Amino acid sequence: MATCEVCGNDYWMAFEVHTVSGDVHTFDCFECAIHRMAPICEHCETRIVGHGVEVSGRFFCCAHCARATEGDRGAEIRDAVGARPA
């Protein structure tokens with residue numbers, strides 16, 4: 001069994017998440033994994049669980065939040081999988 005690094009639950013179905021940087025995290029549920037690993041929107045501060053929007057290395061939960069923060073670049077920001085504003 002493994003212990004969740006967020007809640008401390010010792011659970012036989014715990015799982016590991018391996019990051020690109022080589023870090024390994026152990027969780028007992030997706031809720032704990034999201035709590036620890038999901039980025040936070042720079043505008044509304046909600047956890048980004050879906051695709052979100054990345055603009056110039058900054059993460060937002062949606063195009064609306066990105067446009068509210070990015071000012072002049074706002075018109076070119078869209079919610080779409082694979083869309084990546086320059």
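How many aromatic pairs does the count come to? The count comes to 3 aromatic pairs. The rule is this: rings of Phe, Tyr and Trp (its six-membered ring) pair if their centres lie within 6.5 Å. Planes under 30 degrees apart count as stacked, over 60 as edge-to-face and the rest as tilted.

This is a predicted model, in which local features need pLDDT of at least 70, side-chain atom pairs count only at pLDDT 80 or more, and totals for chains, interfaces and linings use all residues. Residues are numbered from 1 along each chain as its sequence is written, and side-chain values use heavy atoms, with hydrogens and water left out.

Two of the pairs are set out here.

| Pair | Centre to centre | Angle of planes | Type |
|---|---|---|---|
| Phe-15 and Phe-27 | 6.2 Å | 50 degrees | tilted |
| Phe-15 and Phe-30 | 5.3 Å | 40 degrees | tilted |

Both pairs link distant parts of the chain. Phe-15 lies in strand S3 (residues 15-18) and Phe-27 in strand S4 (residues 24-27), 12 residues apart. Phe-30 sits in helix H1 (residues 30-37), 15 residues from Phe-15. Helices (H or I, at least four residues) and strands (E, at least two) are DSSP runs, numbered from the N terminus.

Now the surface. Phe-27 is buried, at 0% relative accessibility. Phe-15 is partly exposed, at 24%. Phe-30 is exposed, at 64%. Buried means under 20% relative accessible area, exposed over 50%, partly exposed in between (1.4 Å probe, protein chains only).

Ring pairs join Phe-15, Phe-27 and Phe-30 into a cluster.
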